[in-house]
Amino acid sequence: MEIKKIHYEFSVCKVTDYSLVKFDSEYSFISKTDEENSLVCITKDVPSNTTRRDDGWKAFRIQGMLDFSLIGILSKISGILAENKIGIFAISTFNTDYVLTKRENYERALDVLNHAGYKIEE
């Protein structure tokens with residue numbers, strides 16, 4: 001399985017609404033519940049109506065389209081990282097999964113996954 005590095009810094013945010021989200025940005029992940037409006041975006045694109053934010057995240061993508069019948073892909077990756085005391089923030093889209101780690105753990109996370117047999121792609 002291949003993992004592709006994403007060369008941006010990300011922020012995890014709570015926003016009042018999505019009116020100021022830069023949807024033409026390369027990456028914007030939103031989620032809405034009855035309790036909150038969440039946004040994960042490139043740090044330079046954090047909107048001004050953010051009420052809380054956590055900066056310093058780096059991301060990688062599990063390459064390829066992941067069929068819904070595939071089981072345990074994210075679980076295996078998160079398990080390997082957990083064994084190495086690396087926390088994650090996972091985001092799933094229709095096509096694939098994205099994994100974010102704090103900046104200070106990013107290269108170590110990729111190294112651990114590489115040693116576990118994952119191919120790391122720039």
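Predicted model: local features only at pLDDT ≥ 70, side-chain atom pairs only at ≥ 80, totals over all residues.
Residues are numbered from 1 along each chain as its sequence is written, and side-chain values use heavy atoms, with hydrogens and water left out.

Helices (H or I, at least four residues) and strands (E, at least two) are DSSP runs, numbered from the N terminus. Two strands pair if DSSP finds at least two bridges between them. Strand β3 (residues 37-42) is joined to β2 by 5 bridges, and the two run antiparallel. β2 and β3 form a hairpin, with 4 residues between them. Within this pairing, Ser31 stands opposite Ser38 of β3, and Ser28 stands opposite Cys41 of β3. β3 is also joined to β1 by 5 bridges, again in an antiparallel arrangement. There, Cys41 of β3 is the bridge partner of Ser11.

Burial is stated by relative accessible area: buried means under 20%, exposed over 50%, and partly exposed in between (1.4 Å probe, protein chains only). In β3, 6 of the 6 residues are buried, so this strand is largely enclosed by the rest of the structure. The loop between β3 and β4 holds Asn49. Asn49 is buried, with a relative accessible area of 12%. Contact means heavy atoms within 4.5 Å. Not counting residues up to four places away in sequence, Asn49 touches Lys14, Val15, Thr16, Asp17, Ser19 and Leu20.

The next topic is the nonpolar cores. In soluble globular proteins, nonpolar side chains tend to be buried together. A nonpolar core is here a set of buried Ala, Val, Leu, Ile, Met, Phe, Trp, Tyr and Cys residues joined through side-chain atoms within 4.5 Å. The largest such core has 15 residues, of which Ile3, Phe60, Ile77, Leu81, Leu113 and Tyr118 touch the most other members. Two or more residues of this core come from each of β4 (50-62), α1 (73-83) and α2 (103-115). α2 gives the most, with 5 residues. As for Leu81, its contacts beyond four places in sequence are Phe60, Ile86, Ile88, Val99, Ala109 and Leu113. A second, separate core has 12 residues, including Phe10, Val12, Tyr27 and Tyr98.

Rings of Phe, Tyr and Trp (its six-membered ring) pair if their centres lie within 6.5 Å; planes under 30 degrees apart count as stacked, over 60 as edge-to-face and the rest as tilted. By this rule there are 6 aromatic pairs. In one of them, the rings of Tyr27 and Tyr98 have centres 6.3 Å apart and planes at 75 degrees, so this pair is edge-to-face. Tyr27 lies in the loop between β1 (2-15) and β2 (28-32), and Tyr98 in strand β6 (residues 97-102), so the pair ties together parts that are 71 residues apart in sequence. Tyr27 counts as buried at 9% relative accessibility, and Tyr98 counts as buried at 10%. Together with Tyr8, Phe10 and Phe29, Tyr27 and Tyr98 form one aromatic cluster.

Helix α2 is described next. Its buried residues are Asn105, Tyr106, Ala109, Leu110, Val112 and Leu113. An α-helix has 3.6 residues a turn, so residues three or four places apart point the same way. The buried residues of α2 are covered by parts that include β1, β4, α1, β6 and β7 (119-121). On the face turned away from the buried side, α2 carries the exposed residues Glu104 and His115. A charge sits over a ring if NZ of Lys or CZ of Arg is within 6 Å of the ring centre and within 35 degrees of the ring normal. The charged end of Lys58 sits over the ring of Tyr106, 5.3 Å from its centre.

Just after α2, Gly117 takes a positive phi of about 105 degrees. Strand β7 contains Ile120, which counts as partly exposed at 24% relative accessibility. Ile120 and Leu110 are 10 residues apart along the chain, and their C-alpha atoms are separated by 7.1 Å. Leaving aside neighbours within four places in sequence, Ile120 is in contact with Ile3, Lys5, Leu110, Leu113 and Asn114.
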